[in-house]
Amino acid sequence: MTSPADVPHLTPNQINALVVLMVEARRLTNVELKELAGFTLTGKDNTKLVDLGLVDTDRTHRPFAHELTDEGWRVARRLHTAAPPRPGGSTTRSLFVVLSNLHRSLDRLRVSHGDFFKQTEATAPTDGEPRREAPAPTAAAPAAAAPVSAAEVEALVRSAYRELAIAPGAWVGLADVRDRLADTDRAALDAALRAMVGREDVRIIPVANTKSLTARDRAAAVRIGNEDNHALAIGPA
């Protein structure tokens with residue numbers, strides 16, 4: 001549901017910064033950016049990304065540290081829909097090819113970018129130490145999942161919507177919402193969506209042109225009343 005026009009015009013260095021921050025999925029200092037990718041995020045590049053609301057930069061101490069905002073995650077996920085900047089040459093074009101194939105693969109696997117790149121305690125660097133591989137899992141009885149309240153599930157839905165929507169009130173496919181909440185129980189999520197229909201700021205509708213629906217869209221539908229619904233909007237119409 002994002003078009004190339006929704007992705008701002010960015011320089012190659014700004015694009016590289018968004019991509020590195022996305023794949024690391026954590027706050028990075030300029031020292032870490034230099035070590036990982038060979039550049040720092042300073043000057044006009046940093047100012048533009050902050051002004052666009054894509055990056056949050058902590059300037060309270062040096063080296064400055066940067067992290068993607070929710071809007072930054074949205075744009076980073078959709079970079080491949082924009083035309084590569086000409087100054088970037090073949091290197092940037094190759095990066096866009098990788099991003100496009102990554103998006104297609106995650107879409108097929110129904111895994112969100114955030115979940116795919118999410119750091120774990122075993123892999124996240126600490127105190128400047130290099131990243132370590134996670135140890136091989138050992139056989140153990142699975143822990144029982146703690147019950148999640150309806151209010152908590154609704155909060156998760158609203159958070160996922162904010163990350164996906166291009167603006168408040170914009171339509172978002174339920175398939176994308178379910179991708180963001182892959183660890184949430186299906187029945188609990190369906191119950192929360194049905195309850196949210198009664199909220200003044202929430203709309204959940206079926207897609208009128210059913211021929212446009214993919215198998216993924218149909219599988220993600222929530223049954224409300226006597227029909228399947230496929231799209232969610234939260235905020236002003």
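**Figure 1. Overview of the protein chain.** The secondary structure of the protein chain comes to ten helices and eight strands, where helices (H or I, at least four residues) and strands (E, at least two) are DSSP runs, numbered from the N terminus. This is a predicted model, in which local features need pLDDT of at least 70 and side-chain atom pairs count only at pLDDT 80 or more, while totals for chains, interfaces and linings use all residues. Residues are numbered from 1 along each chain as its sequence is written, and side-chain values use heavy atoms, with hydrogens and water left out. Of the 237 residues of the protein chain, 40% count as buried; buried means under 20% relative accessible area, exposed means over 50%, and partly exposed lies in between (1.4 Å probe, protein chains only). Among contacts with a separation of 6 or more, 64% are accounted for by residues 24 or more positions apart, a contact being heavy atoms within 4.5 Å.

**Figure 2. Packing of helix α1 with helix α5.** Helix α1 (residues 12–24) packs with helix α5 (residues 89–109) at an angle of about 35°, and their axes are 11 Å apart; axes are lines fitted to C-alpha atoms, for helices over the stretch in contact, and angles run from 0 to 180 degrees between N-to-C directions. On the α1 side the contact is made by Pro12, Ile15, Asn16, Val19 and Met22, and on the α5 side by Thr92, Leu95, Phe96 and Leu99. These residues divide into seven nonpolar, two polar and no charged, where Ala, Val, Leu, Ile, Met, Phe, Trp, Tyr, Cys and Pro count as nonpolar, Asp, Glu, Lys and Arg as charged, and the others, Gly among them, as polar. An α-helix has 3.6 residues a turn, so residues three or four places apart point the same way.

**Figure 3. The surroundings of helix α4.** Helix α4 (residues 70–77) is mostly covered, since six of its eight residues are buried, namely Gly72, Trp73, Arg74, Val75, Ala76 and Arg77. The buried residues of α4 pack against α1, β3 (65–68), α5, α6 (113–117), α7 (150–164) and α8.

**Figure 4. Salt bridges around Arg216.** Side chains of opposite charge can pair when their charged atoms come close. Asp176 forms a salt bridge with Arg216, the closest N and O atoms being 2.7 Å apart; a salt bridge is a side-chain nitrogen of Lys or Arg within 4 Å of a carboxyl oxygen of Asp or Glu. This pair links distant parts of the chain, with Asp176 in helix α8 (residues 174–180) and Arg216 in helix α10 (residues 215–220), 40 residues apart. Arg216 also forms a salt bridge with Asp179, where the closest N and O atoms are again 2.7 Å apart. Because Arg216 lies in helix α10 and Asp179 in helix α8, this pair ties together parts that are 37 residues apart in sequence. Arg216 counts as buried at 17% relative accessibility, and Asp179 is buried with a relative accessible area of 7%.

**Figure 5. Other salt bridges.** The count in this model comes to 14 salt bridges. One of them joins Glu24 and Arg26, with the closest N and O atoms 2.9 Å apart, and both Glu24 and Arg26 are buried. Elsewhere, Glu154, Arg158, Arg199 and Asp201 are linked in a network of salt bridges.

**Figure 6. The aromatic pair.** A search of the whole structure finds one aromatic pair. The rings of Phe116 and Phe117 have their centres 5.0 Å apart and their planes at 80°, so the pair is edge-to-face; rings of Phe, Tyr and Trp (its six-membered ring) pair if their centres lie within 6.5 Å, and planes under 30 degrees apart count as stacked, over 60 as edge-to-face and the rest as tilted. Phe116 is partly exposed, with a relative accessible area of 46%, whereas Phe117 is buried, with a relative accessible area of 13%.
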